[in-house]
Amino acid sequence: MDIVIELKTKLLEALKKMGVNLTVDDIVIENSKDSSHGDYATNVAMKYCKEFQKPPREVANLILSNLDMSGIDKVEIAGPGFINLFLKKDSLQSIVKTVIELDNNYGALPKNGKKINVEFVSANPTGDLHVGHARGAAIGDSLCRILSFAGYEVTREYYINDAGSQIKHLGESVYARYRELFGLDFNLPEDGYHGQDIIDIAKIIKDEIGDEALKMEDPVSYFMRRGQDLELEKINRDLQVFRVKFDIFSSELKIRSNKAVEKELEYLSNHLYREEGALVLKTTDFLDDKDRVVVKSNGEYTYFLPDIVYHCNKLSRGFDQLIDVLGADHHGYINRMKSALMMHGYDKDVLDVSLIQMVRIMKDGEEMKASKRTGNAYTLRELCEDVGVDAARYFFAMRASTSHLDFDMNLAVEQSSTNPVYYAQYAHARLCSVLDNSSDIEIDISAKNLKEKSEINLLKFIQNWPNVVKEASDEKAPYKITNYIHSLAELVHVFYTECRVIDRDNLSVTSSRLALCKASKIVLENALNLVGVSAPSHM
RNA sequence: GCGCCAGUAGCUCAGUUGGAUAGAGUAUUAGACUACGAAUCUAAGGGUCACGAGUUCGAAUCUUGUCUGGCGCGCCA
């Protein structure tokens with residue numbers, strides 16, 4: 001059993017004897033930062049001293065006199081009333097066996113039967129993904145990996161806005177470039193797209209169908225469809241390179257079919273009113289600070305209306321929770337969507353929005369606003385080419401999504417200890433190397449000879465991994481995983497430096513240390529996998 | 001003007017159900033390879049946790065006021 005849980009249970013029993021009933025979640029046990037504070041410490045005596053109407057240190061004393069001491073080496077009361085617990089070494093060593101036996105599943109939480117839909121990226125297919133999308137993609141996908149590891153059934157979804165004016169502009173732009181290729185006069189719309197990629201797409205279409213489009217009655221709608229498909233293929237290729245794979249692409253056009261939007265208007269009729277010819281949804285009855293137009297006075301729908309239909313569509317597919325990963329500039333959108341869902345009788349918390357703050361690409365101490373090569377926005381593809389997928393994914397996942405991110409290009413390409421990605425991957429490669437060099441020596445998974453400080457620290461840290469998974473999943477915070485990875489890598493390096501692993505004159509210690517190496521390698525690999533970063537055995 | 005997010009070491013950031021001397025990385029300085037990968041490790045210096053007031057045994061954390069920055073506030077998507 002989990003040592004922390006075991007300790008909590010013992011504390012609970014002690015408190016119970018003293019007449020106070022609590023649950024496991026009421027007890028906080030933390031890893032001591034300072035080894036003189038024991039292996040673990042708890043503040044229960046201070047937290048619940050009011051129940052006993054006695055000062056914290058006295059309560060601590062009472063708890064200790066009732067505490068089952070099996071597996072515990074010694075206890076101390078310290079400071080204002082902390083209880084410091086010192087464990088017997090063998091109670092820590094058992095984690096090695098657990099890790100090696102569970103392997104890739106160590107840290108995975110049991111299936112909880114909950115279905116979560118995570119919508120992310122959802123960029124209009126009118127051009128390449130830029131670095132803002134890249135951060136959304138990295139965080140969205142890492143989140144999915146974490147949630148899935150934490151026992152949820154996860155669906156990754158991409159919403160294509162293929163019914164709006166953007167796609168029309170795309171069609172017109174590609175058509176114009178297509179005509180240009182035949183030397184015909186062409187009209188590139190001002191609010192169209194002017195990049196090189198549009199010309200490339202026009203060329204592809206020319207290769208596909210020759211001059212056939214020139215005879216079409218409605219060429220623009222053909223170019224809309226085909227142009228969008230080609231853009232989407234490109235986006236999808238870039239995302240796959242970035243190790244992001246969607247389960248489903250939903251089309252706004254399809255959502256709109258079967259009169260779904262009209263039915264939605266009917267459903268919402270009690271919450272609608274007319275103002276200056278437009279239909280307005282009374283979202284202020286719920287969470288919003290302003291009512292929102294859903295049908296413009298010219299009869300067109302705003303973006304919001306089909307998006308309501310889309311979110312209801314997702315919920316109708318049986319998801320317990322929806323997560324939207326959105327750029328921070330969309331924050332005004334949250335309450336209006338939640339309000340609409342509440343009109344459908346859903347709880348406001350069925351939708352959880354992860355806002356992703358802005359990214360600045362920094363190079364040589366200055367912000368890089370555009371790609372040097374193309375002059376356009378710096379793209380995900382260029383980023384992958386310049387710094388590699390591992391570095392890009394790690395850096396994006398590394399910070400809380402709510403904080404602005406300065407992406408340091410110089411650091412990301414650095415192949416040294418200053419680069420956190422290499423630091424972690426190097427730790428993994430080192431472990432692999434040690435294990436390779438000792439393949440003839442048997443591994444002792446009881447790990448009974450581990451007793452050095454660096455070994456114990458590593459054991460405790462590995463043992464905490466499932467809790468980190470839980471926390472990252474509950475808080476939807478991939479950066480908790482990268483923080484863990486960095487600390488784990490550090491402990492591995494320290495262990496490696498202080499403890500010579502392979503010693504053919506002392507095979508009993510060697511066998512234990514090899515087991516620790518193997519367990520550490522497994523956890524490191526599992527953690528890296530959750531943020532989509534590879535765990536190489538050689539570098 | 002209103003709303004959301006933020007302000008912690010020179011720089012980039014952790015620390016958020018209130019806990020012990022506020023931590024990492026980076027940068028700077030000084031050390032450590034005749035053995036498993038020195039892409040590493042060990043130390044040192046570096047702080048008014050934006051500022052004030054409050055809540056209590058105890059505040060970076062909670063409340064409140066102020067200042068600064070980013071973003072939003074459209075019959076755009």
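How far apart do the C-alpha centres of domain 3 and domain 4 lie? The legends below start with that pair.

**View 1. Domains 3 and 4 of a predicted model.** The C-alpha centres of these two domains are 28 Å apart. Chain A is split into domain 1 (3-87), domain 2 (92-111 + 416-530), domain 3 (116-159 + 245-356) and domain 4 (165-241), with bounds from an automatic or database domain assignment. Where they touch, domain 3 puts in 9 residues and domain 4 puts in 14 residues; residues are in contact if their C-beta atoms, placed from the backbone, lie within 7 Å. On the domain 3 side, there are 4 nonpolar, 3 polar and 2 charged residues. Here Ala, Val, Leu, Ile, Met, Phe, Trp, Tyr, Cys and Pro are nonpolar, Asp, Glu, Lys and Arg are charged, and the others, Gly among them, are polar.

A word on the numbering and the model: residues count from 1 along each chain as its sequence is written, while chains are lettered from A and ligands numbered from 1 in the order in which they are written. Since this is a predicted model, local features need pLDDT of at least 70 and side-chain atom pairs count only at pLDDT 80 or more, but totals for chains, interfaces and linings use all residues.

View 2. Strands (E, at least two residues) and helices (H or I, at least four) are DSSP runs numbered from the N terminus, and two strands pair if DSSP finds at least two bridges between them. Zoom in on S5 (residues 115-119) and S6 (residues 153-160), and you'll find 5 bridges, with Lys115 opposite Glu153.

**View 3. The buried face of helix H5.** Which residues of H5 (residues 89-102) are buried? They are Leu92, Gln93, Ile95, Val96 and Val99. Buried means 20 or more other C-beta atoms within 10 Å of a residue's own, exposed means 12 or fewer, and partly exposed is in between, with C-beta atoms placed from the backbone. Looking down the axis of H5, these residues fall within an arc of 130°, so they line one face of the helix; the arc is that of the directions from the helix axis to the C-beta atoms. Their cover includes H1 (3-17), S4 (82-87), H18 (453-463) and H21 (507-530). Just after H5, Asp103 has a positive phi of about 50°.

**View 4. An antiparallel sheet.** This open sheet has 3 strands in the order S8-S9-S10. S8 (272-275) and S10 (292-295) are the edge strands, each pairing on one side only. S9 (residues 278-281) and S10 share 3 bridges, and Leu279 has Val295 as its bridge partner.

Note on methods: Two residues are in contact if their C-beta atoms, placed from the backbone, lie within 7 Å.
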